[in-house]
Amino acid sequence: MEIHHTTEEKGNNGDCETSKKENSKKNKQSGCCSTHDEHNHTDDDGHNHDHNDDRSLFQMFLPAIISFLLLLVALGFDHYFPQSWFSGYIRIGWYVLAYLPVGIPVIKEAFESIVKGDVFSEFFLMCIATIGAFAIGEYPEGVAVMLFYTIGEVFQSMAVSRAKSNIKSLLDQRPDEVTLLENNTPKNVKAADVQIGAIIQLKPGEKLGLDGELLSDSASFNTAALTGESKPDTKKKGAIVLAGMINLNTVTLIKVTTAYSDSKLSKILELVQNAVKQKAPTELFIRKFAKIYTPIVVFLAMAICLLPFFFVDNYNFNQWLYRALVFLVISCPCALVISIPLGYFGGIGAASKHGILFKGSNFLDSLATIQHVVMDKTGTLTEGVFKVQEVIIADDFPKEEILKMVNTLESKSTHPVATAIHDYVGEIDTTIEMKNVEEIAGHGLKAEISGKEILVGNFKLMDKFSITYEVDHSTIVSTLVAIAYDRKYVGYLTIADVIKEDAKLAIDKLKALGIKTTMLSGDKTNVASFVAEKLGITNFFGDLLPDDKVNKLNEIKAKNETVAFVGDGVNDAPVVALSTVGIAMGGLGSDATIETADVVIQDDRPGKIAMAINIGKQTRKIVWQNIILAFAVKAIVLTLGAGGLATMWEAVFADVGVALLAILNAMRIQKMKF
C-alpha cells in the first residue's frame, strides 16, 4: 500500500560521506575508548605496567599480604616483643625476605625500562630509595616504601580492570548467532562461522548480524539510523541489506555477501578495541613534565647527599644519604603519573557503564567545555519508527467498528504503516468478512464488507473515487491514512515518528547546564517546527540537505563557540567530523557516523548527551583535585625532607599515600550518579 505522506527529503550522501569519513579521520583519528586493552603505557611515559590481569583479587594482593605480614612480625620483634635471636644477619635476612615479594617485580620493571632507554622511571627511583634504605640500615622503611608502592599499583590495576569490564559488557550486545538454512532446515550457528554465499533466515524483530542480499520478494526494515529517514524502508528482492537493520514484518531470507569480521557491528567493536588512544592535554603535559622532573630530582637528591660535605661541619654521610633517599621517595611522580590517566580512565569507565563510549580522554576535556549542542532530529530526538498519533473519525460513524475494519483490511498489506495500525488497534477481528480486496498502486486498499465499499489509503484514493472531504491535508505534518465507508468520508489517522521519551528532559538538562541547543533536520520545516515546539527548542532549521547542515554548523562555529553535534545517520558524518566534539547515536547509528564521532551513545537516548557533558566536567574536576593534592603535599614534605624534619615514613605518605588517595579519588567517579 502506498500512502501519501510527509517525510524527510534528504539527498543521497554516499560519496560525500565516504570522502568526509576519510578526511575527518585524518583530523580526528579516533582513539579507543581508552580500553587500555593491556594498559601498557609505552616507554614514552615510563610507566610500562601490564594490567591485563586475569588473576583473582587475592592473587593480586598476595605478594603485598606476604610482605605486610613479615614486616608486621619484624616490627613487633623490633619494638614490642624483643627477641634475642632477632638480630644481626637473621634480622637483615627477615627484612630482605619481606622485601622480595614486592621488590622483585619492581626491580625487574626497572631493568626492562633501562634496557628500553628509559633510565629515570619511577621503578628506578623506588629501587634506589629502597635499596639505599637497606644500605644504611633502615630496613623497615625500605620494605614499607616498596610495600605501599605495590599496593598502589594493585589499586590502579583494579580500577583499570573494572572500567575495562564496563566497556566489555557494553559491547557484548552483538548478535553472535544467526539462523543458517541448510537444505531448507534452519540451524543456529555462530555468525563468525557463516561463509559468504550462505543463506540465513531473519525473523521479525531480529537484528541482522551480517551484510547480505535480500532473497525474499519484499521485507520491511528499520533503517532509520542508516538512511537518516524516519520512514521504515521496504526492500525488494535483490536489494542490499546491512548489518544493524531490524526486520519488521515477515520471516526473511538473506544471502550473505560480507564476512562477519567486516560487518557493521563488528567494525564498531574493532573501532573500540583497536583505535589509537588519545590523551587529554593535561595528561600529556604531566607525562612530559615527569620525564623532565624525574631526572632533575635524582640529581638534586645526589646534591643533598654530597654537597653538604663542603659546607657542613661534622658531615655524616649516612645522615645526608637518608635525607637524600627521603627526598627521592617524596619526589617520585607516582601520584601524578598514575592518578591523572586513571582519573580520565575512571571517567571513561563511568561513561561506558552508562552506555556512553569515549574514544579518548581528550574528548572528556573537550566535552566539559562545550557551549552549544546541535542535534539532528530523526533518530536523535525522535525514535525513527512509526506509531499512530491521532485518530479523527466523524461522529456519524462508530469509531471502534471502523478501526476494526481498517485493521482487518490493512492486515492484507506488509507495509510498515499497516504494522503501526495493527500495533494501535490490536488483534484482528476474524468475524469481519472481506470480499474483493484490491490494492490500488500508489493509492491504497479497497474492499467490500457486508456489501458496502471501504477505502483505506491516501487522499489521492479519496479523489480517485470522488469521495468529498473538508480537510486541508497539506497542512498536516504527519503521514495520513484516509478512510471512506459506504461512499462517505469517515476521517483519517495520522501516523508519525515518535519523539523519544527523554528528549524533552534532555533539552531541559542542557539548558540547566547553560548550553545552547539547535535542531537541524532534513524533514520539512513544519515537521521540524512541530518537534522543536514540543521540546522547547527555539533554534531549528528544516528542509536541510547534508551540505546545508555543514553550512549551519560553520555559521555557529564562526561565533567562536565550542560545538558538539549529535547525529546518527550516514548523512550526519560530515557534520560530526566538523564539530568540536562529534557525538553519535550508536545503537543503530551508521558506521560512518560512529567512526567519525568522538563519543558514541550506545543506547540512543538523548538524555545521555547532558550526562556525557557532566561526566566530562566531573572528570576534569577530579583530575585537578589530584594535581593540586599531589603538588601541595609533595612541596611541603620535600621542604621538610631536605631540612631533615621528615623521615622515610612521611616520604612514604607523600609518595604512595598521596598516590593511593589520588587513585581512590579517581575511582570515585565510577560511583557517582549522573
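# Briefing: surface patch, strands, rings and salt bridges

Phe58, Leu62, Ile65, Ile66, Phe68, Leu69 and Leu72 make a nonpolar surface patch of about 610 Å². Patches are made of residues with over 30% relative accessible area and no salt bridge, like charges being joined within 9 Å and nonpolar side chains (Val, Leu, Ile, Met, Phe, Trp, Tyr) within 5 Å; the areas come from the Shrake-Rupley method with a 1.4 Å probe, and for residues only the protein chains shown count as cover. The model is predicted: local features need pLDDT of at least 70, side-chain atom pairs count only at pLDDT 80 or more, and totals for chains, interfaces and linings use all residues. Residues are numbered from 1 along each chain as its sequence is written, and side-chain values use heavy atoms, with hydrogens and water left out.

- Phe58 is found in helix α2 (residues 57–79); helices (H or I, at least four residues) and strands (E, at least two) are DSSP runs, numbered from the N terminus.
- With a relative accessible area of 53%, Phe58 is exposed; buried means under 20%, exposed over 50% and partly exposed in between (1.4 Å probe, protein chains only).

**Strand pairing**

- Strands β1 (residues 177–182) and β2 (residues 185–190) run antiparallel and are joined by six bridges; two strands pair if DSSP finds at least two bridges between them.
- Glu182 stands opposite Thr185 in β2.
- The hairpin of β1 and β2 has two residues between the strands, and Asn183 takes a positive phi near 55° there.
- β1 is also joined to strand β3 (residues 199–202) by two bridges, and these strands run antiparallel.
- Leu180 stands opposite Ile200 in β3.

**Aromatic rings**

- The structure holds 14 aromatic pairs; rings of Phe, Tyr and Trp (its six-membered ring) pair if their centres lie within 6.5 Å, and planes under 30 degrees apart count as stacked, over 60 as edge-to-face and the rest as tilted.
- The pair of Tyr469 and Tyr489 is tilted, because the ring centres are 5.9 Å apart and the planes are at 45°.
- This pair links distant parts of the chain, 20 residues apart: Tyr469 is in the loop between α15 (459–464) and β16 (479–485), and Tyr489 is in strand β17 (residues 488–499).
- Tyr469 counts as partly exposed at 22% relative accessibility, whereas Tyr489 counts as buried at 18%.
- One aromatic cluster is formed by Phe77, Trp85, Phe86, Trp94, Tyr95, Tyr99, Phe134 and Tyr139.

**Charges over rings**

- Arg323 lies over the face of Trp320, 4.2 Å from the ring centre; a charge sits over a ring if NZ of Lys or CZ of Arg is within 6 Å of the ring centre and within 35 degrees of the ring normal.
- The charged end of Lys552 sits over the ring of Phe541, at 3.9 Å from its centre.

**Salt bridges**

- The whole structure contains eight salt bridges, each a side-chain nitrogen of Lys or Arg within 4 Å of a carboxyl oxygen of Asp or Glu.
- Lys549 and Asp376 meet in one of them, at 2.9 Å from N to O.
- Lys549 in helix α18 (residues 546–557) and Asp376 in strand β11 (residues 372–376) are 173 residues apart.
- Lys549 counts as buried at 1% relative accessibility, and Asp376 counts as buried at 0%.
- Glu561 and Lys516 form a salt bridge of 2.5 Å, N to O.
- Glu561 counts as buried at 14% relative accessibility, whereas Lys516 is partly exposed at 44%.
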